[in-house]
Amino acid sequence: MKQFNLESIIRSNIRSLTPYSSARSEFDGSDSVLLDANENSIATGNNNLNRYPDPLQQELKQVISSVKKISQGNIFIGNGSDEPIDLLIRMCCTPGVDNIIICPPTYGMYDVAAKINDVAVQTVVLTNEYQLNTAEILKQVNEYTKLIFICTPNNPTGNILNDSDIQLLLENFAGIVVVDEAYIDFADKRSWLCELSKYPNLVVLQTLSKAWGLAALRIGLAFGSQPIIMLLNKIKAPYNVNYLSQQAAIQALTKNNSLSNTVNTLKLQRQHLAKELISFPFVSKVYPSDANFLLVKFTNGNAVSNYLLSKKIVVRNRSNQPLCKNCLRITVGSPAENDLLITALKEYQS
Ligand SMILES: *Cc1c(COP(=O)(O)O)cnc(C)c1O
């Protein structure tokens with residue numbers, strides 16, 4: 001078991017940084033005379049929109065804490081999960097020096113966020129069964145490797161990655177293992193959140209954009225040890241989550257069962273769609289999915305993608321990704337949308 005030392009994987013300029021202290025971060029409460037942030041104090045007709053929002057989103061964190069059974073000090077809220085992805089890279093990786101490891105085919109933002117920061121990306125392709133090649137990952141790790149990004153259920157393949165493999169990485173990698181669980185609420189599996197206290201080098205990402213149906217709010221969640229969360233807070237933009245999004249998220253998360261209702265419907269639709277798709281002679285495989293999409297292998301993926309586009313049906317062409325030749329990623333839509341897709345494919349067949 002490798003010893004994890006957070007200090008040693010944080011960039012030195014971030015370690016020594018004195019963060020921006022926003023006017024409002026010195027205040028915690030209401031009914032005060034707020035002459036600290038140069039807001040327009042007399043423009044009060046607009047439901048608090050004249051005031052800067054809570055920089056640490058404490059009311060929303062309280063709600064998330066009770067939904068997820070995680071202490072507030074272990075929660076970071078970002079402007080979508082793309083924000084913590086970028087912040088983790090900036091927090092740990094010195095541009096032009098350090099690197100991250102990703103395991104394609106996977107979510108595209110890890111690679112892009114690293115490259116925007118001039119951070120090298122080492123790729124270790126998944127096995128033919130779409131599982132982690134842990135031996136190769138550990139072989140690729142060098143003294144400059146700060147982060148390993150893992151996505152489970154994986155986008156675009158839809159499957160869960162084996163717990164034992166992720167555990168092996170957590171125990172043998174001296175940097176941070178980021179486990180992106182954007183689709184966890186569609187899976188019949190425990191979240192890695194349950195293991196947070198056991199692994200100081202584990203960061204779990206979740207989002208309100210998928211199962212919660214709140215993509216427009218741009219609310220992403222990162223869960224990790226208190227020192228990691230404090231570092232993320234130190235380097236984030238001061239008011240990174242806007243007031244309207246915070247309020248809307250609080251409302252949605254406190255409403256009973258708003259998650260499970262649509263999730264169950266989508267899971268049934270996923271099953272239905274998979275059965276319909278596999279019956280087409282030009283579909284060679286529908287991969288099992290624990291997410292709200294299906295990876296589907298066609299005899300000619302590009303042709304099907306272009307045909308669907310001509311019918312104004314947009315799916316994600318993943319055929320240029322490793323291990324995804326002729327594959328399209330199809331989001332499970334509403335029953336009506338799924339029927340339109342099947343109808344279009346029947347036309348394509350004839
Ligand atoms: C959709 C998706 C996200 C996106 O999250 P936002 O919170 O909307 O930024 C993150 N990770 C994966 C794997 C995704 O598919």
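1. An N or O atom in the side chain of arginine 218 sits 2.8 Å from an oxygen atom of the ligand. Taken alone, the ligand exposes 380 Å², and the protein buries 93% of that. Note that this is a predicted model.

2. Backbone atoms also reach the ligand. A polar backbone atom of serine 81 is 2.7 Å from a ligand oxygen atom. For aspartate 82, a backbone N or O atom lies 3.3 Å from an oxygen atom of the ligand.

3. Helix H3 spans residues 58–68. Its buried residues are Leu60, Lys61, Val63, Ile64, Ser65 and Lys68. Lysine 69 follows H3, and its phi is positive, near 60 degrees.

4. Next, the open sheet. Four strands make it up, in the order E8-E9-E11-E10, with antiparallel pairing. E8 (283–286) and E10 (316–317) stand at the edges; each has a single partner strand, so one side of each lacks a neighbour in the sheet.

5. Inside that sheet, E9 (residues 293–298) and E11 (residues 327–331) pair in the antiparallel sense over five bridges. Lysine 297 has cysteine 327 in E11 as its bridge partner.

6. Helix H11 (residues 301–310) lies across E9, E10 and E11. H11 runs at about 40 degrees to E11.

Note on methods
Residues numbered from 1 in each chain as written. Predicted model: local features only at pLDDT ≥ 70, side-chain atom pairs only at ≥ 80, totals over all residues. Heavy atoms only, no water. Buried < 20%, exposed > 50% of the residue type's maximum accessible area, 1.4 Å probe, protein only. Helix = DSSP H or I, 4+ residues; strand = E, 2+ residues; numbered from the N terminus. Pairing = 2+ DSSP bridges. Contact = heavy atoms within 4.5 Å. Axes fitted to C-alpha atoms, helices over the stretch in contact; angles between N-to-C directions. Polar contact = N/O pair within 3.5 Å; in protein donor to acceptor, adjacent residues only side chain to side chain. Areas by Shrake-Rupley, 256 points an atom, 1.4 Å probe, with all protein chains shown as cover.
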